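Have the sequence and the 3D view open as you read.

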Amino acid sequence: MKLFGTIWFYVLALGVAAYAVFAYGFMPLGSLVHPDMKLNFLAHKAGIYTHVFASLVALSLSPFQFSNRLRSARPRLHRVIGRTYLGIGVALGGLSGLYMAVFAFGGPVAKLGFACLAVCWLLTGLRAFQAIRRGDVQEHRKWVVRNVSLTLAAVTLRIYLPSSMIAGIPFELAYPVIAWLCWVPNLFVAELVFVGMYNHSLKPKPLDGLG
């Protein structure tokens, strides 16, 4: 089951990253999005290209953050990947995402949703960095789990958008909801399941016959 989840993690993260390379590297800007969104993209080319590039870095590197084999065999490489993930992917992606949230399609609800996503992405990345700087590996891992769950908003966004279209929900109604739905459940699951697992593993085990 764990192997299955790991494979899907790699497939989804790298698959969406590859889609972004195709959509923003080989197609005219905004050609695969809603016409109103295209106008925003064309008006803020630097912002959207910066956000896409940084998010590509974060998405592409996120699965490797959890590779025990890489962390054990190549600790220096693990650190380089982590610094690149946080320093370029999250920091640059979060700041450009916060900037682009101001111009997001979907009105105040969508703008606030994407702005909150960007802020949470930046803050969880900062906490992960602070934890590892003071040598708190367990706390670092928990914050990385939270942060990567937000990185994967890029994946869930691209699951919900076509799903809403198939369901016949008007884009104007679906998009503001998806601006929240793409990341809030991700963070909830990360907190409930994965961070909870870390906390459980840290609890002292009772001595035989005493617990």
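There are ten aromatic pairs in this structure. To count as a pair, rings of Phe, Tyr or Trp (its six-membered ring) need centres within 6.5 Å; planes under 30 degrees apart are called stacked, over 60 edge-to-face, and the rest tilted. This is a predicted model, where local features need pLDDT of at least 70 and side-chain atom pairs count only at pLDDT 80 or more, while totals for chains, interfaces and linings use all residues. Residues are numbered from 1 along each chain as its sequence is written, and side-chain values use heavy atoms, leaving out hydrogens and water.

Here are two of the pairs:

| Pair | Centre to centre | Angle between planes | Type |
|---|---|---|---|
| F9 and F66 | 5.9 Å | 50 degrees | tilted |
| F114 and Y175 | 5.6 Å | 45 degrees | tilted |

The F9–F66 pair joins distant parts of the chain, 57 residues apart: F9 belongs to helix α1 (residues 2–25), and F66 is in the loop between α3 (45–61) and α4 (68–73). Helices here are DSSP runs (H or I, at least four residues), numbered from the N terminus. F9 has 18% relative accessibility, so it counts as buried, whereas F66 is partly exposed at 30%. The cut-offs are under 20% relative accessible area for buried, over 50% for exposed, and partly exposed in between (1.4 Å probe, protein chains only). F9 and F66 also share one aromatic cluster with Y10 and F64.

The other pair in the table also links distant parts of the chain: F114 sits in helix α6 (residues 107–133) and Y175 in helix α9 (residues 171–181), 61 residues apart. Are F114 and Y175 buried or exposed? Both are buried.

Now for a charge: R146 lies over the face of W143, 4.2 Å from the ring centre. The rule asks for NZ of Lys or CZ of Arg within 6 Å of the ring centre and within 35 degrees of the ring normal.

On a 1 Å grid over the protein atoms alone, a cavity is a set of points where a 1.4 Å probe fits but cannot get out, and lining residues have an atom within 4 Å of a point. The count is one cavity of 30 Å³ or more. The largest cavity has a volume of about 40 Å³, the volume being the space filled by probe spheres set on the points, which are joined across faces, edges and corners. Y19, A23, Y24, P28, G30, S31, L32 and V33 line the largest cavity.

Key:
Helices (H or I, at least four residues) and strands (E, at least two) are DSSP runs, numbered from the N terminus. On a 1 Å grid over the protein atoms alone, a cavity is a set of points where a 1.4 Å probe fits but cannot get out, and a pocket is an open set with protein on both sides within 12 Å along at least five of seven lines; lining residues have an atom within 4 Å of a point.
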